[in-house]
Amino acid sequence: MSTTGTNAYTPTSRTARLSAGAADYLDERIGAARLVKGFARKVFPDHWSFMLGEVALYSFVILLISGTFLTLFYVPSMTLVEYEGSYAPMYGVTMSEAYASSLNLSFDIRGGLLMRQVHHWSALIFVAAIVVHMLRVFFTGAFRKPREFNWVLGVILAVLALAEGFTGYSLPDDLLSGNGLRIIEGVILAIPVVGTYIVFFLFGGEFPGESIIPRLYILHVFVLPGLILAVIALHLALVVAHKHTQYPGPGRTNDNVVGFPLLPVYAAKAGGFFFIVFGVIILISGLVSINAIWNYGPYDPSPISAGTQPDWYIGFVDGLLRLMPGQPEFTIAGFTLSLNVFLPSLVVPGLMVVALLAYPFLEQWVTGDKREHHLLDRPRNAPVRTGIGVMAIVSYCVMWAAAGNDLMAIAFGLSINDLTWLLRFAFFVLPPVAFVVTKRICLSLQRKDRELALHGHETGRVVRTADGEYFEVHEPLSETERWVLVQHEAYRPLAIPPKKHEDGRKVPAHERLRANLSNFFFEDRVEPVTPRELEAARHHGDHEAIEQPEGREAERRELGSSV
Amino acid sequence: MSDIQLPNSGKSPADEPDAGRTPVRFRNPGLPAHRHRQADVDPRAAKRAERQVLAMLGLSAVGSIFFIVAYFAFPLDGTFATLQVSNISLGLGLGAGIFFIGTAAVHLAKTLMPDTEMFDERHPQRGTEAERTDAAAIMVQGGQESGLGRRPFILGGLVGAAALAPLPAVVLLRDLGPAPGGALAHTLWDEGVRLALDPSAEPILASDVTIGSVFHVIPENLYESDHFLDEKAKAAVLLMRVDPDVVDVREDRAGWDVDGIYAYSKICTHVGCPVALYEQQTHHLLCPCHQSTFDLTQHCKVIFGPAKRALPQLPISVDDEGYLVAQSDFLEPPGPSYWERG
């Protein structure tokens with residue numbers, strides 16, 4: 001601080017001289033000065049919703065740390081052994097080494113249970129944070145150009161996270177995870193033509209075999225985390241290249257980024273947030289039990305406990321499997337086509353991923369907007385996109401709820417058959433309803449914004465004029481308050497072209513489709529207030545505290561018509 | 001680009017400003033004036049924030065020390081009581097040790113580090129025209145210098161060889177497992193194999209099976225198999241005895257039961273979970289995984305849920321000593337459907 005104002009930095013204290021020496025050493029070898037100059041004061045915008053991706057990143061780091069500890073004791077082997085650990089109820093039971101070592105981790109290694117629970121909790125939080133982060137990006141339109149690729153990388157990360165979660169879920173080789181694997185086997189068997197071969201190659205023969213645990217293990221601790229790390233690196237590199245998006249607000253434009261510098265503010269905030277996420281996960285893991293594998297016993301294909309549930313993120317697939325009626329299984333020319341399994345477990349999730357990957361490109365095709373977007377949308381200002389997002393959430397939630405149909409039936413004393421039928425209908429009925437309702441709510445919120453921008457805040461102060469009339473005084477918005485309400489743009493729909501041009505040439509089908517989609521997206525819209533409209537509203541004097549006689553005239557007319 | 005329709009981009013004639021007096025769009029008012037925090041203006045508040053940060057770091061240190069003490073103070077002995085004490089205290093200690101470092105750093109940043117907002121300029125991803133022209137020229141030059149355009153056979157050969165090179169890696173995976181063959185269609189059940197209790201493998205006397213009872217069954221010779229879990233995954237059976245009158249008569253299965261003792265595959269025809277729940281009153285079997293429901297009175301036909309096929313029935317009889325035995329293997333593959341099942 002004392003050197004501010006001088007051109008060349010002259011170290012004064014001993015520490016300063018030492019760090020200057022270190023800086024010089026690093027700069028001459030790795031160009032540290034250029035790196036510091038380029039990155040250390042990079043500005044990041046501040047908003048709570050930008051921390052969701054951070055939670056995902058940090059829980060992945062926590063997974064790496066806790067997982068490494070677990071590998072020191074876990075034995076990825078299906079060789080059968082007699083349990084001789086200290087958990088008395090299992091003493092002498094024949095089980096795989098994988099399950100025995102998982103029990104040892106819980107009962108004989110101090111802190112082992114804590115680390116197991118840290119690992120499991122952070123896995124759940126990892127996937128949850130990815131999903132919520134994805135929703136934030138979707139609803140604010142952060143996937144728009146130039147960030148389409150980063151959205152695609154994010155979808156890939158989400159899929160990898162699910163795969164990573166599932167491979168880990170199976171490793172303890174307890175009854176619950178073994179039944180999960182059995183379901184996976186059934187699902188793969190349903191793949192037409194090659195399913196049986198995939199099962200035999202994956203399991204090294206028949207289910208369960210003796211190969212699947214070591215194979216899942218190497219996927220879980222090496223292949224998948226390696227891929228996830230690589231994609232995270234690309235994901236973050238693109239964030240740096242694009243600079244972070246920001247919410248609209250006074251002073252924030254499409255050409256700047258407003259916020260705080262990496263050094264020192266974000267180094268402290270983001271670094272501190274890592275410790276907070278880590279600390280909270282450890283506290284949860286110390287206090288809340290998860291996956292008590294000693295209750296389930298070793299895997300055995302014959303027993304099962306009622307109310308089996310997968311980890312939450314696999315729930316939607318399990319729910320769809322439950323909702324699907326059994327009819328569409330066919331035998332054609334001596335081959336079995338098991339669509340009752342193949343459709344819900346693989347085709348629908350596959351289509352969901354395709355829809356996620358395609359959406360940014362679809363929306364861009366419809367709007368024809370090829371400009372860069374760095375200012376986020378307020379979700380209400382994109383009513384159809386927001387409607388589509390909520391529709392997706394609702395259909396996901398129906399599938400997810402279906403995975404708990406047995407537990408719900410018990411908790412509410414319902415017939416499981418009725419409940420399943422209810423959810424089958426809900427799967428088709430609720431999403432469109434959610435779309436329409438959400439879109440209407442967005443449009444109403446936009447109208448409310450217009451009202452506010454045009455007429456200002458209601459003050460609650462009712463004034464009686466000399467003529468005996470009453471009106472409420474409105475207080476106009478300040479420029480900065482108004483800006484958020486009026487800064488956005490509203491697309492207008494394309495005119496739908498006729499089937500044929502005037503000269504008789506056919507209009508290509510994709511052009512008509514695009515125009516139709518454009519109408520679907522932008523036919524209903526509320527445009528932001530323009531300065532001219534504001535001026536007109538002021539001129540008419542509406543509900544504002546403008547002491548002008550004609551203002552009250554207008555007021556009187558409005559009151560008169562509404563009484 | 002030309003067909004974007006934006007009302008307030010100023011391009012549409014309908015939005016021309018009247019006489020240039022009122023702008024078409026509102027202008028960005030710029031950042032509001034910076035508001036100082038308490039700690040910026042009041043040295044006592046700054047001092048207080050400093051103390052709070054220090055206190056959090058102190059709590060962190062206490063947590064870490066508590067963890068180390070608890071690690072040695074609470075050994076495990078295989079009981080839940082010690083496990084719980086150990087887990088909770090280790091979790092609280094480690095959790096606090098880490099959590100409070102985080103809150104200290106964030107509190108420091110929020111109260112004592114400058115909070116004046118800064119600007120960075122953004123630059124379009126698109127390069128300048130000059131950069132783009134140069135890049136295109138470099139690519140063209142690179143292509144020309146490689147000579148591949150002039151020597152199409154090399155290019156063709158390169159593509160061909162590169163396409164072929166990964167194939168050995170695929171072939172290399174062939175020995176991951178055997179070809180399925182008919183493995184899924186056959187189980188340990190065979191003529192004369194005794195039905196035995198799961199998991200003890202004790203054979204079952206027909207006379208022990210009373211009406212309304214249900215047994216979880218494995219082949220008596222299960223544990224003689226090298227891969228008994230694989231065999232059990234196909235051969236597990238549920239044995240139930242009902243009043244023969246409640247069961248629909250099926251001529252083609254006459255003699256498959258023993259006085260109302262029925263044996264059905266326990267492996268769900270949906271995706272293979274054990275169909276382990278038997279409702280004695282309704283004679284329904286329920287799979288707890290996805291709720292496929294099978295009706296014993298209709299030869300375990302599916303009456304609800306995602307499975308399509310009935311559970312395969314195991315034909316049984318009684319041997320000379322009165323034990324239940326299989327008449328043969330299942331007459332169709334048990335368990336989930338697969339392509340070659342037919």
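Predicted model: local features only at pLDDT ≥ 70, side-chain atom pairs only at ≥ 80, totals over all residues.
**Stop 1: the interface of chains A and B**

Colour chain A and chain B separately and look at where they meet. Here 137 residues of chain A are in contact with 108 residues of chain B. About 10200 Å² of area is buried between chain A and chain B, and carbon and sulfur atoms give 63% of that area. Between chain A and chain B, 42 residue pairs are in polar contact, both residues being at pLDDT 80 or more.

Next, select residues 262-287 of chain A. This is helix α10, which supplies 16 residues to the side of chain A that touches chain B, the largest share. That side of chain A, taken as a whole, is made up of 61 nonpolar, 44 polar and 32 charged residues.

**Stop 2: a salt bridge between the chains**

How many salt bridges are there across the interface of chain A and chain B? The rule finds five. In the whole structure, over all chains, the search finds 32 salt bridges.

Select A:Glu206 and B:Lys234, and show their side chains. The pair crosses between chains: A:Glu206 sits in the loop between α8 (195-203) and α9 (212-242) of chain A, while B:Lys234 belongs to helix α7 of chain B. The two residues form a salt bridge, and their closest N and O atoms are 2.7 Å apart. In general, side chains of opposite charge can pair when their charged atoms come close.

**Stop 3: the largest cavity**

The space in the largest cavity is about 110 Å³. Its lining takes at least two residues from α7 (175-189) of chain A and at least two from α7 (228-235) of chain B. Seven residues of the lining of the largest cavity are nonpolar, one is polar and five are charged. The structure holds five cavities of 30 Å³ or more.

**Stop 4: the second largest pocket**

Now select A:Phe50, A:Gly53, A:Glu54, A:Leu236 and A:His244. Of the 45 residues lining the second largest pocket, these are the closest to its centre. The volume of the second largest pocket is about 1200 Å³.

Which elements give two or more residues to the lining of the second largest pocket? In chain A they are α3 (51-71), α5 (112-139), α6 (148-170), α9 and α10, and in chain B α3 (80-111). With seven residues, α9(A) gives the most to this lining. The lining of the second largest pocket has 28 nonpolar, nine polar and eight charged residues.

**Stop 5: backbone details**

Go back to the loop between α8 and α9 of chain A, where A:Pro208 lies. The peptide bond from A:Phe207 to A:Pro208 is cis, with omega near -10°.

Move to chain B and select B:Asp198 and B:Pro199. A cis peptide bond joins B:Asp198 and B:Pro199, with omega about 0°. B:Pro199 is in the loop between β2 (195-197) and β3 (214-219) of chain B.

B:Gln291 is not a glycine, yet its phi is positive, about 65°. As background to this stop, most residues other than glycine have a negative phi, and most peptide bonds are trans.

Terms used
Residues numbered from 1 in each chain as written. Chains lettered and ligands numbered in written order. Heavy atoms only, no water. 1 Å grid on protein atoms, 1.4 Å probe; cavity = no way out; pocket = protein on both sides within 12 Å on 5 of 7 lines; lining within 4 Å. Points joined across faces, edges and corners; volume = space filled by probe spheres on them. Helix = DSSP H or I, 4+ residues; strand = E, 2+ residues; numbered from the N terminus. Nonpolar A, V, L, I, M, F, W, Y, C, P; charged D, E, K, R; others polar. Contact = heavy atoms within 4.5 Å. Buried area = accessible area lost by both parts, 1.4 Å probe. Salt bridge = Lys/Arg side-chain N within 4 Å of Asp/Glu carboxyl O. Polar contact = N/O pair within 3.5 Å; in protein donor to acceptor, adjacent residues only side chain to side chain.
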